[in-house]
Amino acid sequence: MTDRPQTTGDPRAPRELFLRISPELRIFLPSRHRGAELLPAPHDGTSSLVHLVQSAGVPLTEVGALVLEDGSGDGRRVEPSYRPGAGETVRVEPVVRPQRVPDGPPRFLLDVHLGTLARRLRLVAGADTAYHNDMDDPTLVEQANAERRVLLTQDRGLLMRRQLWMGAYVHGSRPDDQLADVLDRFDLPMAPWTRCTACNGPLADAPKAEVEHLLRPGTRRTYDTFARCRDCGRVYWRGAHGDRLEALVAEVAGTAGERESGTP
């Protein structure tokens, strides 16, 4: 373990405390600080831990525990409202995965930049996933709070909004990587092919005779099994992309099974 930096004895020097940021959370730090095991933070006697941690760049939604180190190796867990003293060191640990969500299976709300991920969550996991491509940050927070949805975003500033009840940073630039990250973080019951990718409504089996007037001639000739959204009426069938989507569903289901069995 790296020794804590020594402070000067000059009473006029700024007083400091130290944050020991876990490696998993250093992605949120400025690049010049990501290699440091201890991050000095100014001590003014009034700032709470939540202020200090978020000022360093780490959203509180990504923090699982704050531990005041006492030399014993274990330390003492403290609340985000704790006001650390000068010279103290607080260990900042990541959220433990899978993260549990109060009140049953998680329901999600995604910001404007995660539309493809929203469709993946609906299709592959059958997750209740709200998404709007024209909603500003305050309205997103309001909906997430009102409907008890976990707000998924890559906007750290949005996650740092004090009013937000629960949120999560989504890692990855590719939709498949983002999906894997969300499924790894939350304990989702998998229900593929049960939710409309367009509006989030539930899908129900639909006889071909009931929907064939909505189909193009080629689709009517080629496919016989259909589902229809109960909310918006959109019709679904296993089309040209079906094999790839089936493979994605199988991969996700296999990963979820490994998590449940404890397979590394």
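Biologist: What does Arg 148 count as, by its relative accessibility?

Modeller: This is a predicted model, where local features need pLDDT of at least 70 and side-chain atom pairs count only at pLDDT 80 or more, while totals for chains, interfaces and linings use all residues. Residues are numbered from 1 along each chain as its sequence is written, and side-chain values use heavy atoms, with hydrogens and water left out. Buried means under 20% relative accessible area, exposed means over 50%, and partly exposed lies in between (1.4 Å probe, protein chains only). Arg 148 has 41% relative accessibility, so this residue counts as partly exposed.

Biologist: Where is Arg 148 found?

Modeller: Helices (H or I, at least four residues) and strands (E, at least two) are DSSP runs, numbered from the N terminus. The phi of Arg 148 is near 55 degrees, a positive value in a residue other than glycine. Most residues other than glycine have a negative phi. Arg 148 is found in the loop between H3 and strand E8 (150-153).

Biologist: Is Gln 143 buried or exposed?

Modeller: Gln 143 has its place in helix H3, residues 137-147. Its relative accessibility is 13%, so Gln 143 counts as buried.

Biologist: Which residue has a side chain joined to that of Gln 143 by a polar contact of 3.0 Å?

Modeller: Contact means heavy atoms within 4.5 Å. Leaving aside neighbours within four places in sequence, Gln 143 is in contact with Leu 109, Ala 130, His 132, Met 135, Arg 148 and Arg 149. A polar contact is a pair of N or O atoms within 3.5 Å; within protein, one must be able to donate a hydrogen and the other to accept it, and residues adjacent in sequence count only if both atoms are side-chain atoms. The side chain joined to Gln 143 by the 3.0 Å polar contact is that of His 132.

Biologist: How many of the eleven residues of helix H2 are buried?

Modeller: H2 covers residues 115-125 and is largely enclosed by the rest of the structure. Its buried residues include Leu 117, Arg 120, Arg 122 and Val 124. H2 is followed by Gly 126, whose phi is positive, near 70 degrees. Of the eleven residues of H2, the number that are buried is nine.

Biologist: About what omega has the cis peptide bond between Arg 97 and Pro 98?

Modeller: Pro 98 has its place in the loop between strand E5 (89-94) and strand E6 (108-110). Most peptide bonds are trans. The bond that joins Arg 97 and Pro 98 is cis, and its omega is about -5 degrees.

Biologist: What is the relative accessible area of Asp 103?

Modeller: Asp 103 also has its place in the loop between E5 and E6. Its phi is near 70 degrees, a positive value in a residue other than glycine. Asp 103 is exposed, with a relative accessible area of 69%.

Biologist: Which strands stand at the edges of the open sheet of three strands?

Modeller: Two strands pair if DSSP finds at least two bridges between them. The order in the sheet is E10-E11-E12, with antiparallel pairing; four bridges join E10 to E11, and two join E11 (residues 226-229) to E12. Each edge strand has a single partner strand, so one side of each is left without a neighbour in the sheet. The edge strands are E10 (203-206) and E12 (235-236).

Biologist: Which residue in the turn of the hairpin of E11 and E12 has a positive phi?

Modeller: Within this pair of strands, Arg 228 stands opposite Val 235 in E12. Five residues lie between E11 and E12 in the hairpin. The residue in the turn with a positive phi, of about 85 degrees, is Gly 233.

Biologist: How many residues of the whole chain are there, and what share of them counts as buried?

Modeller: The chain has eight helices and twelve strands. Among its contacts between residues at least 6 apart in sequence, 58% join residues at least 24 apart. The chain has 264 residues, and the share that counts as buried is 41%.
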